[in-house]
Amino acid sequence: MTREPVPDGRTDETPDAPAPPAGRRLTTRETAELLGVKPETVYAYVSRGQLSSVRTPGNRGSVFDAAEVESLARRTGRRERQSPPPAAGEPVIRTGITLIEHDRYYFRGVDATELARRHGFEEIAEWIWTGELRAGVRFTAPPESLAAARRAVAALPGHSGSTDRLRVAVVAAATADPLRFDLSPRGVLSSARGLVPTLVGALP
């Protein structure tokens, strides 16, 4: 229960947003809407043990316990409730992808440490970018972009630091990327999947 000030100085009690009734079941679509993700991501949560699903008579698909979904929504930053203001100078970033809580990091509701233990870099990147866990996925550097990045990095002075080399490599690789002006989700993902191995391959 929260108290909201009213014009005459009194306070008016306004109930917080109600939690789902105990035992209530949600469809996949309702669960996805509550979590702010795609239905495919809901199934990924199930496969990772973050959600449990059941099939009931009369339902064509799986249903989910509303209380469990609400709990996951809180952990992933969805349906945020009012929180204390941050300390002066402390940045506040609202995101449904990353959660920092009790000195732990979570990516789309999954503990980052557990992700690192069980999956490779590319698999985790795909999970963060798309919400899909693709086992065994590997990124490949486009030959033209990699060659351009290597030439540019090789032309730098020997004392150049890694950060400078990476900056130059990004710019050089972009000149050979036909999708560099494509800001559609598919185009951005394609460029990202190619850029990561390009940067690795461009460093001496």
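Predicted model: local features only at pLDDT ≥ 70, side-chain atom pairs only at ≥ 80, totals over all residues.
## Basis

Local features need pLDDT of at least 70 and side-chain atom pairs count only at pLDDT 80 or more, while totals for chains, interfaces and linings use all residues. Residues are numbered from 1 along each chain as its sequence is written, and side-chain values use heavy atoms, without hydrogens and water.

## Helices α1 and α2

Helix α1 (residues 28-35) and helix α2 (residues 39-47) have axes that come within 8 Å and cross at roughly 95 degrees. They are therefore roughly perpendicular (65 to 115 degrees). In contact (heavy atoms within 4.5 Å) are T28, T31, A32 and L35 of α1 with P39, V42, Y43 and Y45 of α2. These residues comprise six nonpolar, two polar and no charged.

## The sheet

Three strands form an open antiparallel sheet in the order β3-β5-β4, where pairing requires at least two DSSP bridges between two strands. β3 (25-27) and β4 (53-54) are the edge strands. Three bridges link β3 to β5 (residues 63-65), and R25 stands opposite D65.

## Salt bridges

There are eight salt bridges, each a side-chain nitrogen of Lys or Arg within 4 Å of a carboxyl oxygen of Asp or Glu. R193 and E126 pair at 2.5 Å. R193 lies in helix α8 (residues 185-202) and E126 in helix α5 (residues 121-130), so the bridge ties together parts 67 residues apart in sequence.

Technical notes: Axes fitted to C-alpha atoms, helices over the stretch in contact; angles between N-to-C directions. Helix = DSSP H or I, 4+ residues; strand = E, 2+ residues; numbered from the N terminus. Parallel < 35°, antiparallel > 145°, perpendicular 65-115°, else oblique. Nonpolar A, V, L, I, M, F, W, Y, C, P; charged D, E, K, R; others polar.
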